[in-house]
Amino acid sequence: MQNPFYFHGLHEIYRGTGSARSLPRGAVARPAVHRYHGCVSQIDSKTRCPWCLGSEAYIAYHDREWGVPLHEDRALFELLILEGAQAGLSWSTILGKRDHYRKAYDGFDARKIALYDEAKVARLLADAGIVRNRLKIAASIQNAKAFLAVQKEFGSFDSYIWRFVDGRPKQHRRRSMKEVPASTPESDAMSKDLKKRGFKFVGSTICYAFMQASGMVNDHLTACFRHAQVQARR
């Protein structure tokens, strides 16, 4: 395991409990059991999911982005690529590199990425602003091609990907982080179908991470102030 609280789907260990859970990437594990049920921030006294309180960047990500229903194709493609880039790393690494990824990857324009050649791959491999992993870079190019094929078949990637939750966010009422799974039957189905269509780095845990981040599921804890806000944005 790369870090203690690895977000968006991959298993990590709660220090002090010895149990594997699916936790937000980059969150800092703490042994106090009461933290499973949400924590009151000392910044503004709001109750939040405990995983986000490790830094201001995580709080901002939690409060503004995580779990908000996402339907714009380019944003969905960006998230899919970043989820794959994050595999084996902490989300803090990816979040810190996200702005540079957008520059290096032409604003996540799938049409441009699908045409990347060896010269472009070489430049990406030399770019310290992204994760310099040849397999992940190759996967991003392949995923761009598969993404465009899905758009052609379904009219939009949004129309395709939201089918796995019947077009509406699944509203969960999880009271503790112990209740958050690493994967679900829906993420299993998504992973299987994406792989069949040629996508790479789309295992079920990565797919569930994608579902959490894109608002296909509402996994904010019920005690978190964002649960009701996200639920209202179906």
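Contact here means heavy atoms within 4.5 Å, and helices (H or I, at least four residues) and strands (E, at least two) are DSSP runs numbered from the N terminus. This is a predicted model, in which local features need pLDDT of at least 70 and side-chain atom pairs count only at pLDDT 80 or more, while totals for chains, interfaces and linings use all residues. Residues are numbered from 1 along each chain as its sequence is written, and side-chain values use heavy atoms, with hydrogens and water left out.

**Chain overview**
- The secondary structure of the protein chain comes to 10 helices and six strands.
- Of the 234 residues in the protein chain, 54% are buried, where buried means under 20% relative accessible area, exposed over 50% and partly exposed in between (1.4 Å probe, protein chains only).
- Among contacts between residues at least 6 apart in sequence, 61% join residues at least 24 apart.

**Helix 2**
- Helix 2 (73-86) is mostly covered, with 12 of its 14 residues buried; among them are L76, F77, L79, L80, I81 and L82, together with the charged residues D73, E78 and E83.
- The cover over these buried residues includes helix 3, helix 4 (110-113), helix 6 (134-154), helix 7 (157-161) and helix 9 (204-213).
- The end C-alpha atoms of helix 2 are 20 Å apart, which agrees with the 20 Å that its 14 residues should span at 1.5 Å a residue, the expected span being 1.5 Å times one less than the number of residues.
- At the N-terminal end, E72 caps helix 2 through a side-chain oxygen that lies 3.1 Å from the backbone nitrogen of R74, whereas just after the helix G88 takes a positive phi of about 85°.

**Largest pocket**
- The largest pocket has a volume of about 200 Å³; a pocket is an open set of points on a 1 Å grid over the protein atoms alone where a 1.4 Å probe fits, with protein on both sides within 12 Å along at least five of seven lines, and lining residues have an atom within 4 Å of a point.
- Its lining includes Y61, E65, W91, R98, R102 and A213, and the largest share, four residues, comes from helix 2.
- By class, the lining has eight nonpolar, no polar and four charged residues.

**S183**
- S183 lies in the loop between strand 5 (170-171) and helix 8 (185-196), and counts as partly exposed because its relative accessibility is 32%.
- Leaving aside residues up to four places away in sequence, S183 touches D188, S204, T205 and Y208.

Key: Points joined across faces, edges and corners; volume = space filled by probe spheres on them. Polar contact = N/O pair within 3.5 Å; in protein donor to acceptor, adjacent residues only side chain to side chain.
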